[in-house]
Amino acid sequence: MIPFRHMERFELLWTMITPRYERLTSEQIEMQKEMENERDMFWSALEDVTCSVLGVPSQALYTKTRKREIVTARQMIFFIIRPCYVLTLKNVGDRYKKDHATILHGINQASAQVEWDKQYRYNVERICYLLSEIGYAKPMIFFSKFVEHIEYKKELALKKKSKIK
C-alpha cells in the first residue's frame, strides 16, 4: 500500500516506467469496464435462463455436486458463453471453481450432445432464443452457425460414403 502523500510521485514514476503503447486512455478504460459489465450481465442472464429452461436452481451451479441435471446445465453454459465472449478456459473456470480441463470437457460434451441428441439441441436452441428475446443476439447467431456447420459435416460424410460404394 502506497501512502497517499506519495501517490503523485508513484503515478509519475509509473508513467515513466510503462511504455506509451501499454498505457490505456481513460476512454479505453471506460470501454473495457462497459464490456466487463455487459459480459457479467449476459452471464447472469444466461445462468437464469438456462436454469429456468432445465428446472435447476441457479445456486446449484456453484456447488461441487455431480448430479446429471446440474452438470448438464453447467456444460450448456460453458458451450454458449465461451464463443460469445471469446473467454479463456481459465476465465470460465474461475467463475465455477473448475479447472480448464473440466471446462474443455464440458464444451466438448455439449457440442457432441447438440449434434446427436434432439432434446438437448432443442434445450440449447430454446436458451439461445430466450436470450435473443431479452436482447442478446450473440448466442442465437453462434448456435445457428454451429448447427449449419454440423449439417455441412453430415452432408460431407454422406458424400464420402456414396463415393466409396
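At what angle do the axes of helix α2 (residues 26–54) and helix α6 (residues 118–134) cross? They cross at roughly 135°, and the axes come within 10 Å.

## Basis of the description

The model is predicted: local features need pLDDT of at least 70, side-chain atom pairs count only at pLDDT 80 or more, and totals for chains, interfaces and linings use all residues. Residues are numbered from 1 along each chain as its sequence is written, and side-chain values use heavy atoms, with hydrogens and water left out.

Helices are DSSP runs (H or I, at least four residues) numbered from the N terminus. Axes are lines fitted to C-alpha atoms over the stretch in contact, and angles run from 0 to 180 degrees between N-to-C directions.

## Helices α2 and α6

The angle between α2 and α6 is roughly 135°. That makes α2 oblique to α6 (angles under 35 degrees count as roughly parallel, over 145 as roughly antiparallel, 65 to 115 as roughly perpendicular and the rest as oblique). The crossing is right-handed (the near helix is turned clockwise from the far one by less than a right angle).

Contact (heavy atoms within 4.5 Å) involves F42, A45, L46, V49, T50, V53 and L54 of α2, together with N123, R126, I127, L130, L131 and I134 of α6. These residues comprise 10 nonpolar, 2 polar and 1 charged (Ala, Val, Leu, Ile, Met, Phe, Trp, Tyr, Cys and Pro are nonpolar, Asp, Glu, Lys and Arg charged, and the others, Gly among them, polar).

## Packing around α5

Helix α3 (residues 68–85) packs against helix α5 (residues 100–116) at about 95°, with the axes 8 Å apart; α3 and α5 are therefore roughly perpendicular to each other. On the α3 side the contact uses Q75, F78, F79 and R82, and on the α5 side I103, H105, G106, I107, Q109, A110, S111 and V114. By class, this contact has 6 nonpolar, 5 polar and 1 charged residues.

The axes of α5 and α6 come within 6 Å and cross at roughly 110°, which makes α5 roughly perpendicular to α6. Residues A110, Q113, V114, E115 and W116 of α5 meet K118, Y120, R121 and V124 of α6.

Leaving aside residues up to four places away in sequence, F79 touches I107, A110, S111, V114, V124, F142, F143 and F146.

Methods: Helix = DSSP H or I, 4+ residues; strand = E, 2+ residues; numbered from the N terminus.
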